[in-house]
Amino acid sequence: MEESNNYGHQHPLLLILNQDQLIHNQSGVTHCSRCGEEVSVPCFCCVEHCGFYLHKACADGPLELNHPFHPHHPLVLLQEPPSSYTGCVCDFCDKTCQKFIYHCSCELDFHIKCTLFTFNVAENNLKELDHVSLQHPLISTGNGDEELEDVSKCFGCREPLAKYTQFSPDCRFNLHEKCAKLPFKLNHNCHHKHPLTLQFNSERLSCKICQVTRRRGFVYGCSPCKFVVHIECVSESLDLVVEDKRHRHPFTLLLRGSSFICDACGTEGSYASYICCTCNIMVHKKCTSLPRIIKSKWHDHRLFHKYFLRIEDFRVLDCIICHDEVNTEHGSYYCSKCTVIFHVKCVMKDKDSYEIVENEDEESPDESVSSITKVLERNDAGEATVIEHFKHNHYLILSDRVGEYDDKCCGGCLLPIVASFYYCTLCDFFLHKVCVELPKVKHVWHHRCRPPLVLISNEVFECVQCLWLSNAFAYKCEECETRTCFRCIIALTPGACTCLGHKHPLLFYPKYIGRCVVCGKDGIKGLFRCKDCDFSLDHKCFSLPITSQYKNDQHLLSLAYGDDNSYSESHFCDVCEESRDPNLWFYNCATCDTSAHINCVLSEYPFLKFRSIFKLREEVHEHPLTVVKKIYYYPNCGKCGKPCFDLAFECTACNFIIHKKC
């Protein structure tokens with residue numbers, strides 16, 4: 001044990017070489033004050049035993065380091081991540097950085113231990129791993145009792161750790177043995193001008209062979225030419241001929257000295273291209289096996305891949321996902337039923353958002369599950385006029401006599417009957433035609449779980465998108481149990497939409513932040529926008545009812561915009577009698593000449609049908625409950641014991657009642 005300088009600490013430090021000399025805290029674990037990990041010898045400790053410890057490797061880390069894998073700028077040691085950061089992740093191990101880090105002005109950040117470890121890899125100095133045992137790759141025995149595949153990734157090449165011989169986790173680095181022994185410099189056919197050097201991908205460039213951009217790990221690159229290739233792409237041999245069942249003819253390797261546009265996906269490629277001499281197309285290697293048919297969360301029908309499309313077959317050439325125009329002279333995905341079109345890069349971006357359809361003739365289970373259980377009669381146009389529906393016990397009849405039932409509400413969306421509908425002759429039940437035709441299961445792009453959502457009714461829920469409380473039709477995720485109301489499902493369905501008060505189509509931009517013209521709120525993320533002019537609104541306002549009923553008006557109120565009346569006294573809400581901004585949208589009765597705030601007309605529960613009956617989980621209550629609104633009598637909640645003001649759920653079979661929040 002020897003005394004050392006204090007490395008910026010207020011007390012002297014002692015160098016400890018024996019593990020038994022460590023003084024642990026109450027939890028039995030002591031952590032390094034720089035890297036935050038558990039301390040092991042050799043390390044420094046404070047002579048005053050104030051809890052300050054340093055790994056010797058962390059203590060010896062220079063304040064500034066010229067790293068061979070990042071030769072353009074020095075890495076500077078900081079006590080904590082820059083104040084401008086909302087979070088900091090190490091660009092080598094992909095874990096959070098909280099304390100001391102090595103930082104570069106080009107926004108590269110590393111743990112101290114990761115910086116020094118990769119420095120030793122670059123210098124071919126791996127003595128610190130001499131004592132670490134090696135683990136061999138997991139090999140399937142085929143009898144079902146093999147080890148589960150390791151899902152960890154190698155910090156160097158980002159491939160599965162279990163795929164190759166790797167260092168034991170004792171070294172605290174997920175690293176293949178081969179990645180620790182990579183040559184620092186090499187010559188490769190993909191770039192004849194200069195040698196390629198092992199480095200960090202600090203400029204976040206995409207690999208010139210596979211076109212994938214990977215921020216973390218090692219790449220071989222040429223900085224002057226802004227050229228990088230992944231480690232595995234450099235070592236991977238390029239097949240001279242590629243055959244895949246998704247294309248009728250073989251693809252032949254063609255090495256190029258210049259870039260090209262892939263005919264399968266429409267993005268740029270370089271060096272290695274594959275050509276089909278029969279079809280006269282040129283593609284990336286990865287695109288030789290591009291799926292011909294997929295089922296995507298972005299669309300209800302199957303999508304087909306085609307190398308070339310005719311412009312006249314499509315009303316709009318904008319990609320449904322990114323809204324940029326699709327070049328029909330290169331490959332894209334399209335729907336043959338709806339004539340919508342997608343960039344290949346957009347629809348294939350997230351592997352969890354689509355499934356490959358192997359059998360073209362096999363009927364898609366999602367497309368065949370209709371909420372109409374039986375069609376009893378059809379008209380001459382083939383339209384179902386008498387049906388049975390899972391929502392109702394009696395048969396339903398199609399009608400377009402909207403004016404006769406404008407005081408009735410649809411049992412699916414709970415909105416007034418304003419379009420073609422089905423009705424029951426035996427009871428007071430109505431369903432809009434569009435609500436009747438909803439599929440029982442549906443994939444949606446804005447929900448991350450893999451299984452499709454399932455259509456539900458007779459449940460009280462809070463919509464995960466608009467946060468309205470409702471017992472209308474909704475789609476439920478059986479995995480995470482969240483519900484999305486029918487209105488949000490329709491509003492967020494990809495594609496160009498029409499909107500009241502605007503002549504151009506609107507498209508939804510999930511990441512756009514701006515102001516909604518309907519409610520006037522600013523800083524909203526995710527807006528419907530017009531590509532031609534400065535018009536945008538959030539999806540909650542986009543899905544507002546066009547007409548709505550209000551208890552003090554015998555007529556339906558219509559959603560209105562642009563109050564041209566310059567008489568200031570008309571700019572008041574006839575419900576709350578407060579002032580109303582004439583630039584914001586409102587509800588209006590043209591017959592009675594009344595106007596009101598949107599929230600005053602809709603009130604707190606516009607999509608909740610009172611006196612309707614639903615069932616809760618049996619552990620909450622065994623009987624069906626009725627949706628009620630308590631005004632005069634406030635019984636105590638059966639769960640929390642407090643009075644039930646306003647909205648509650650009560651049982652008519654017993655004296656049970658429960659708060660909404662309970």
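The model is predicted, so local features need pLDDT of at least 70 and side-chain atom pairs count only at pLDDT 80 or more, while totals for chains, interfaces and linings use all residues. Residues are numbered from 1 along each chain as its sequence is written, and side-chain values use heavy atoms, with hydrogens and water left out.

The chain has 662 residues, and 47% of them are buried (under 20% relative accessible area; exposed is over 50%, partly exposed in between, with a 1.4 Å probe and protein chains only). Its secondary structure comes to 10 helices and 48 strands; these are DSSP runs numbered from the N terminus, with helices being H or I of at least four residues and strands E of at least two.

Strand β39 covers residues 524–530, and five of its seven residues are buried, so the strand is largely enclosed by the rest of the structure. β39 pairs with strand β38 (residues 502–514) in the antiparallel sense over six bridges; two strands pair if DSSP finds at least two bridges between them. In this pairing, L527 of β39 stands opposite Y509. Strand β40 (residues 536–538) also runs antiparallel to β39, joined to it by three bridges, and here F528 stands opposite L537 in β40. A hairpin through five residues links β39 to β40.

In a regular strand the side chains alternate between the two faces of the sheet.

Elsewhere, Y561 lies in the loop between β42 (557–560) and β43 (586–589). Y561 counts as partly exposed because its relative accessibility is 40%.
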